[in-house]
Amino acid sequence: MDADAVAAQRTLDPQACEQARLSRDPRFDGLFFTAVKSTGIYCRPVCPAPTPKARNVTYYVTAAAAEAAGFRPCLRCRPELSPEDGTWRRGDAVVARALKLIEQGALAGQPLAALAQRLHVGERHLRRLFVERLGAPPIGVHGTRRLLFAKQLLTETRLPVTEVALAAGFGSLRRFNDAFVRAYALAPRDLRRRISASTGGGDLLSLRMAYRPPYDFAAMLDFLRGRALPGIEQVDAQGYTRVIGPATAPAWLRVDPWPGDEHALRLSVRGAPPNRLLDIVARVRRMFDLDADPLAISAVLSRDPRLRPLLRRRPGLRIPSGWDGFEIAVRAVLGQQVSVAAARTFTARLARQFGSALPGDAGDGFQHLFPTPGSLADADVERIGLPRKRADTVRAVARAVLAGDVDTGGERTLDDFVARWCELPGIGPWTAHYIALRALGHPDAFPAGDLVLQKAASGDGARLGAAALATRAEAWRPWRAYAVIHLWRDSMPAPAVQPE
């Protein structure tokens with residue numbers, strides 16, 4: 001059964017939705033939305049408002065579907081804060097790959113036909129898939145995403161309305177005002193008057209990044225801490241901090257828990273222009289895997305007796321992705337057949353030698369950015385101590401990215417992605433799948449040739465061969481990458497070679 005056929009099987013169960021709504025179960029946040037016919041408002045299932053009568057309620061699979069039916073977002077529970085449904089946004093289904101491209105701005109300046117062409121499907125077919133799966137056409141999903149992001153900025157920051165319009169991808173304030181009023185029957189400035197925005201001082205913006213519990217943030221930090229690049233990123237006991245480009249005007253971001261008991265992380269950003277905020281939010285959500293559905297993942301993986309106790313022990317493990325796909329690809333090459341510590345040493349040297357230096361006032365120990373493909377395409381990478389063949393692979397990756405022969409944009413199926421990367425010298429299935437896991441956050445990426453994984457999967461110290469492991473892992477689809485994270489985590493106390 002292909003990916004889209006699997007995706008099509010997910011339909012809303014009214015009885016399950018009703019139970020989740022009445023209990024305000026946070027595990028279902030973002031998996032459906034509750035529209036109330038008597039008020040014209042749609043809510044998250046965790047909305048604290050008085051529970052409406054069942055006869056007045058209609059359930060929708062996405063916020064875009066609810067808005068397409070004429071409902072407006074609740075000002076109390078704020079649907080813009082809900083995590084996305086990872087079953088639609090992940091994997092190889094056409095809709096999932098289209099959503100990734102929309103997230104990257106594919107419909108911001110190009111027609112739907114261009115998006116369909118990139119996905120190798122017809123425009124009418126793509127529109128039909130969106131309506132069937134998500135309850136709204138692609139342009140409706142794109143529009144709802146922009147307006148809800150604008151609503152969050154209006155509510156949580158003091159950005160001027162003109163900058164909010166720019167951040168949400170609108171070319172002019174007039175277009176933004178018209179779209180906002182048409183969708184929400186409320187002008188942006190009127191919304192801001194009704195809700196007191198809170199933010200950090202100066203140019204610091206703080207945004208809530210909701211997730212579906214449980215979420216093991218400590219384990220996420222542990223993974224990132226062992227790989228943190230000095231001068232670029234920092235991981236302390238509370239959160240993750242990173243500097244992002246360009247070098248002439250660097251910005252700073254930090255991710256830590258949202259104060260209180262709310263199921264959310266806090267994204268703090270300083271120095272980023274408004275038109276970069278939507279991309280920053282999307283990258284951070286992917287990097288910290290905030291849209292995963294632990295219930296769906298556990299339902300599949302817990303069938304395996306080796307994985308079942310691991311899921312019980314750490315039900316909130318997520319896929320730790322990276323900030324930039326090219327950076328992860330280079331780090332994967334540098335991490336081939338060496339320990340995490342050795343890979344980090346090589347990567348730190350590479351960043352110092354070939355990355356762009358930051359102004360002296362960048363502060364907080366940030367010194368440079370990670371090298372670009374252009375800076376590594378013909379670089380003397382051997383000077384950091386790399387063997388010649390691995391240095392050749394780093395240069396080959398940089399050149400292939402510049403030429404568009406490979407990418408980490410997420411528009412390809414996993415098989416196509418792996419095949420293209422494996423055409424590069426020095427890139428095999430392990431490296432290609434590792435890039436897919438950490439650069440794309442692909443839920444089914446599976447580096448079966450990984451020695452630590454082969455040993456950890458058996459549970460008795462024996463080592464499974466790559467073919468045997470791949471066969472066993474068929475039962476873990478479409479969540480094999482989560483099995484990888486659980487098995488790697490379980491093997492951490494052992495002094496073994498692990499992936500970068």
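A cavity is a set of grid points where a 1.4 Å probe fits but cannot get out, and its lining residues have an atom within 4 Å of a point. The exercises below apply this to a predicted model.

**Exercise 1.** Determine which helix supplies the largest share of the lining of the second largest cavity.

*Solution.* Begin with the cavity itself, whose volume is about 80 Å³. Its lining comprises 14 residues, and those nearest the centre are Leu 224, Glu 233, Met 287, Arg 331 and Arg 438. Next, list the elements that supply at least two lining residues each: β7 (240–244) and α16 (325–334). The largest share, 3 residues, belongs to α16. By class, the lining holds 6 nonpolar, 2 polar and 6 charged residues.

**Exercise 2.** Describe the lining of the largest cavity by position, element and class.

*Solution.* The volume of the largest cavity is about 610 Å³. Of its 33 lining residues, Ser 82, Glu 84, Arg 89, Arg 145 and Leu 148 are the closest to the centre. Elements giving two or more residues include α3 (63–68), α4 (86–89), α5 and α8 (138–156). From α8 comes the largest share, 6 residues. The classes are 19 nonpolar, 5 polar and 9 charged.

Definitions and conventions. Residues are numbered from 1 along each chain as its sequence is written. This is a predicted model: local features need pLDDT of at least 70, side-chain atom pairs count only at pLDDT 80 or more; totals for chains, interfaces and linings use all residues. Side-chain values use heavy atoms; hydrogens and water are left out. On a 1 Å grid over the protein atoms alone, a cavity is a set of points where a 1.4 Å probe fits but cannot get out, and a pocket is an open set with protein on both sides within 12 Å along at least five of seven lines; lining residues have an atom within 4 Å of a point. Grid points are joined across faces, edges and corners, and a volume is the space filled by probe spheres set on the points. Helices (H or I, at least four residues) and strands (E, at least two) are DSSP runs, numbered from the N terminus. Ala, Val, Leu, Ile, Met, Phe, Trp, Tyr, Cys and Pro count as nonpolar, Asp, Glu, Lys and Arg as charged, and the others, Gly among them, as polar.
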